[in-house]
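Here's a quick briefing on the overall build of this protein and on how its charged side chains pair up. Have a look at the model first.

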Amino acid sequence: MPPQPPLDCAGKPLDLSHPQVMGVLNVTPDSFSDGGDFFSVGAACDRALAMAEQGAAVIDLGGESTRPGAAPVPAAQEIDRVVPVIEALQDTLPVPISIDTRKPEVMRAAVAAGAGLINDVGALRAPGALQAAAACGVPVCLMHMQGEPGTMQADPRYDDVVAEVRHFLAARVAACEAAGIDRGRLLVDPGFGFGKNDDHNLALLAGLRDIAGLGLPLLVGLSRKSMIGRLLGLEVHERLASSLALAMMAVERGARLVRAHDVAETWQALQLYTAVVEHGVKPA
Ligand code: 7PJ
């Protein structure tokens, strides 16, 4: 990817000239890997500040679980979960907050409260989402998902998963541009595990360079995902080493933002990657 200026996330910069960590903060009672641990405003804020301290360049705040089979949450309830956390962190958190939502009402409320990035696993396909994101004026991550969270893992099918995901993302970028969202504030994400079986996920990781070829900053979420559990027979809390390995393979193939639960460890891995890359470009 050509060098580019930092993204402006509602006044807080996000520098993606080298790979960075997006720390996961779920304020849901049913999130699969940290279910319930941080479901109070005070605890959520402490966790966000700790992740920033550990090197997270952005905190991804989610009030609706998108894990396979999760029940939908009404917009008002999602807003009640995320807005108090955003307001409480507004002045103290040194890095931007990303709002992980598919709902236009939640996007507007979260950005009004201070969120600096929209992370939409539905790539702004919900009615009104394109318009809401355009009005919010913050950067947006467009993620690929086949189907809906409730049923997406039932029998996902592709002829060529890499080509189809790339084509989908390019079409969503075009839809954003038509809605007045500048290309310069878009990120893309292949959506590991969202309507994909293990073969699809592996093909996507192997072919990630093709997705990076879209020329937009690439976000990946592989941390603790169930693919690791199936491939290696590991429980959620045993997936740190394997998550780091997948993160490194993704950055080697062009990923610039790594969504992760284990921020300190992921940051260490990415720091080493950057050190090696920068060493390589120094004059001998
Ligand atoms: C992702 C996400 C991802 C983006 C989740 C989990 C499931 N947002 N939200 N990419 N995954 N952009 O953490 O396993 O992969 S929720």
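A contact here means heavy atoms within 4.5 Å. With that in hand, 70% of the protein's contacts with a separation of 6 or more come from residues 24 or more positions apart. Keep in mind that this is a predicted model.

**Overall build**
- The protein has ten helices and ten strands.
- Its radius of gyration is 17 Å, close to the 19 Å from the globule rule for 284 residues, so it's as compact as a globular protein of that length.
- Along the principal axes, the C-alpha atoms fill a box of roughly 50 × 45 × 45 Å.

**Surface and burial**
- Out of 284 residues, 56% count as buried.

**Charges and salt bridges**
- There are 23 positive and 33 negative side chains, and the centres of the two sets sit 3 Å apart.
- The salt bridge count comes to nine.
- One of them pairs Arg259 with Asp100, at 3.5 Å between the closest N and O atoms. Arg259 is in strand β10 and Asp100 in strand β5, so this pair ties together parts 159 residues apart in sequence.
- Both ends of that pair are buried: Arg259 has a relative accessible area of 17%, and Asp100 has 8%.
- Asp155 and Arg157 also form a salt bridge, at 2.8 Å; Asp155 is partly exposed at 48%, while Arg157 is exposed at 60%.

Technical notes: Residues are numbered from 1 along each chain as its sequence is written. This is a predicted model: local features need pLDDT of at least 70, side-chain atom pairs count only at pLDDT 80 or more; totals for chains, interfaces and linings use all residues. Side-chain values use heavy atoms; hydrogens and water are left out. Helices (H or I, at least four residues) and strands (E, at least two) are DSSP runs, numbered from the N terminus. The radius of gyration is taken over C-alpha atoms; the globule rule is 2.2 Å times the number of residues to the power 0.38. Buried means under 20% relative accessible area, exposed over 50%, partly exposed in between (1.4 Å probe, protein chains only). Lys and Arg count as positive and Asp and Glu as negative; His and the chain ends are not counted. The place of a charge is taken as NZ of Lys, CZ of Arg, CG of Asp or CD of Glu. A salt bridge is a side-chain nitrogen of Lys or Arg within 4 Å of a carboxyl oxygen of Asp or Glu.
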